[in-house]
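Dear colleague,

Here is the structure I said I would pass on. Please have it open while you read the notes below.

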Amino acid sequence: MNKFLLAVASIVLGTASAQAADLAAQYTKAPVMAPAYNWTGFYVGGNVGGQWGSADLNTSTIWTPAGYFGASSVPAINAVGAQGVNSSSVTGGFTAGYNWQVNHAVLGLEGDINYFGFKGSATGTALYPCCAPDTFTVNSSVSADWLATIRGRIGFLAAPTWLIYGTGGAAIAEVKGNFNFTDTFIGGATESGTIRDTRVGWTAGVGTEYAFGGGWSLKAEYLYVDLGSVSATSTNLVTFAGTTPSPSNVYTHSVDLKSNIVRVGVNYKFGGPVVARY
């Protein structure tokens, strides 16, 4: 009987010891720590893409009793002087910014400067209503070599390393316009005007950015840019083969430039916290 009780006790104690060992193994295993990407930090990068846009170019003048033009000529000149151009080019440049991540939201401030490459020209010729077969011609051109933006960004995380955002702010570019008027009436008349102005307009767009490790990220972005309208006047009309100034015929020239930009880029983020997750 004693031998039987000892055998039963041995079996019970062995079973309990095995269960205790299993429980100890279960509760002493250390959890695996995996780092989660955090977007907070300063970053720099580069981008390349394309722009396509348009500019309204306008040349107009006024009629005065003591002026050079007949009353019917001024509306004709103003109609021909309302010109438009389209432009497309490759763009590219450099970006810098800072992000703040708050839970699943990312707020940021970003600036960039890029080669813009906006360029176009137009010409128009028509008969003088009063004086056919004499004609007049209006030539216009516009260019903007560079574009800078300063924008806020606000986005949300579709995944820890995938950001979708909207952006908007100021757009800055030097807009240059050149205008020229000529005619064939009694030796010819000429007038010219120029515009050179650093414009501050606005821009807005959307984008997405994907972080793939080591602080690096890839982004794709669309921006709409509106640099607004800028104008200048001239009183340098010279008529009758350059012998007679006609300053009373004031000319107004203007440029109104807008563009769309699609680009991709790569950024590198310096520092910033890394949040651990289980």
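Start with exposure: a residue is called buried under 20% relative accessible area, exposed over 50%, and partly exposed in between (1.4 Å probe, protein chains only). This is a predicted model, in which local features need pLDDT of at least 70, side-chain atom pairs count only at pLDDT 80 or more, and totals for chains, interfaces and linings use all residues. Residues are numbered from 1 along each chain as its sequence is written, and side-chain values use heavy atoms, with hydrogens and water left out.

Aromatic rings

Rings of Phe, Tyr and Trp (its six-membered ring) pair if their centres lie within 6.5 Å; planes under 30 degrees apart are stacked, over 60 edge-to-face, and the rest tilted. That rule gives 16 aromatic pairs. One of them is the edge-to-face pair of Tyr68 and Phe185, with 6.2 Å centre to centre and 65° between the planes. Tyr68 lies in the loop between β2 (41-61) and α2 (73-81) and Phe185 in the loop between β6 (162-183) and β7 (190-213), so this pair ties together parts that are 117 residues apart in sequence. Helices (H or I, at least four residues) and strands (E, at least two) are DSSP runs, numbered from the N terminus. Is Tyr68 buried or exposed? At 15% relative accessibility, Tyr68 counts as buried, while Phe185, at 23%, counts as partly exposed.

Trp202 and Tyr224 form a tilted pair, 5.5 Å centre to centre with 50° between the planes. Trp202 is in strand β7 and Tyr224 in strand β8 (residues 216-234), so the pair ties together parts 22 residues apart in sequence. Trp202 is partly exposed at 42%, and Tyr224 is partly exposed at 24%.

One aromatic cluster includes Tyr68, Phe69, Phe181 and Phe185.

Strands

Two strands pair if DSSP finds at least two bridges between them. β3 and β4 pair in the antiparallel sense over eleven bridges, and Phe94 has Ile113 in β4 as its bridge partner. The two strands form a hairpin with two residues between them, and Asn103 in the turn has a positive phi of about 55°. β4 and β5 are also antiparallel, over 21 bridges; Glu110 stands opposite Arg151 in β5.

Trp100 is partly exposed, with a relative accessible area of 44%.

Regards
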